[in-house]
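Please read it alongside the sequence and the structure shown here.

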Amino acid sequence: MNAERGPEARRKDGERGPAPRRKDGERGPAPRRKDGERGPEPRRKDGGSILGVKPGVDDMSPPHAFAVTAATGATETAAKEWARRLGAPLSLGAAGKGHGGLVLEVGPAGLALLAPGGARVVAAVAELLAPTRPGRDLLARAALSRTPGGAPSVVDATAGLGADGFHLASLGHPVVMLEREPLLGALLEDAIARAMAGQFGRAAADSARRVTLHVTDARDYLAAGEPAGIVYLDPMFPEASKAALPNKGMATLRAHLEHGTGAAAGEEAELLEAARAFARRRVVVKRPLRAGALGGQEPSGSLRGRTVRYDLYAPAPG
């Protein structure tokens, strides 16, 4: 309040008297937004700012809240580096464990995602070790793993925690793994580096050397990358099939990661179209046994197991 008498001073807007309060409770003109305008930033329907930087290879910051912590004092330096790369806050000690969202823990044995409720999510590095799976290996059949002359190259366009891509690498396929979520990309990068360094044995090291990882949107890579014999797609299972989720870890990610709910129908169709244009031999799509075809496009054939099936698509003509 002004205690002096006399004419009231003019405000910056040319009027006299105290400046009106803004919606944020402060007085004076609203600060400028990133687009140069004043006032609150416009928001998307999901609550996010439409003026922010789109996450990707150059900006590794995921669009959701999470923190990075160190499991021990010996891993604090590595934790700081991951926090820098991901554009995430560093939360050490008890503060890291008490973070309300996802926490990327950097430990002596590697990276892990800690979710509220105690779930611990790690990359599926064990799949680099065993080239065989119990029962019929339908993925090996779908990916033509036992083709005379060698297993064809594979682009795993939805890498996730790496289980199927790592398994294909253990079968001898050269595998390009694509993952657009930077947190999952961090788990995969760390697991591959540790495997190549021999931490999990010679077999895992040999498999890891067949893997190339890109943290990017698959559609961007498929539009410009080197064609492969097989393109493999394993989108998150549909909302109606939560009971069929492959493991608790992926269910946790689905609940807490913004991009973890899978692609919308239009995006699924776009991804499948890009994959068919890219593949030289076939596209393989993993689906829950009773789910509809990806993007509503019926496959030319399927390999069916007890809980999942592998839909097969021919390359696009021309």
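This is a predicted model: local features need pLDDT of at least 70, side-chain atom pairs count only at pLDDT 80 or more; totals for chains, interfaces and linings use all residues.

**Aromatic pair and helix packing**

Phe278 has a relative accessibility of 4%, and it therefore counts as buried.

Aromatic pair

- By the rule applied here, the count of aromatic pairs comes to one.
- The ring centres of Tyr221 and Phe278 lie 6.0 Å apart and the ring planes stand at 50°, so the pair is classed as tilted, given that planes under 30 degrees apart would count as stacked and those over 60 as edge-to-face.
- Because Tyr221 belongs to helix H7 (residues 218-224) and Phe278 to helix H9 (residues 265-278), the pair ties together parts that are 57 residues apart in sequence.
- Tyr221, with a relative accessibility of 16%, also counts as buried, because the cut-off for that class is under 20%.

Helix packing

- Helix H1 (residues 76-86) packs with helix H5 (residues 182-196) at an angle of about 140°, and their axes are 11 Å apart.
- That angle makes H1 oblique to H5, because only values over 145 would count as roughly antiparallel.
- The crossing of these two helices, H1 and H5, is right-handed.
- On the H1 side the contact is made by Trp82, Arg85 and Leu86, while H5 contributes Pro182, Leu183, Ala186, Glu189 and Asp190.
- Sorted by class, the contact of H1 with H5 comprises five nonpolar and three charged residues, with no polar ones.

How values were computed: Residues are numbered from 1 along each chain as its sequence is written. Side-chain values use heavy atoms; hydrogens and water are left out. Axes are lines fitted to C-alpha atoms, for helices over the stretch in contact, and angles run from 0 to 180 degrees between N-to-C directions. Helices (H or I, at least four residues) and strands (E, at least two) are DSSP runs, numbered from the N terminus. Angles under 35 degrees count as roughly parallel, over 145 as roughly antiparallel, 65 to 115 as roughly perpendicular and the rest as oblique. A crossing is left-handed if the near helix is turned anticlockwise from the far one by less than a right angle, and right-handed if clockwise. Contact means heavy atoms within 4.5 Å. Ala, Val, Leu, Ile, Met, Phe, Trp, Tyr, Cys and Pro count as nonpolar, Asp, Glu, Lys and Arg as charged, and the others, Gly among them, as polar. Rings of Phe, Tyr and Trp (its six-membered ring) pair if their centres lie within 6.5 Å; planes under 30 degrees apart count as stacked, over 60 as edge-to-face and the rest as tilted. Buried means under 20% relative accessible area, exposed over 50%, partly exposed in between (1.4 Å probe, protein chains only).
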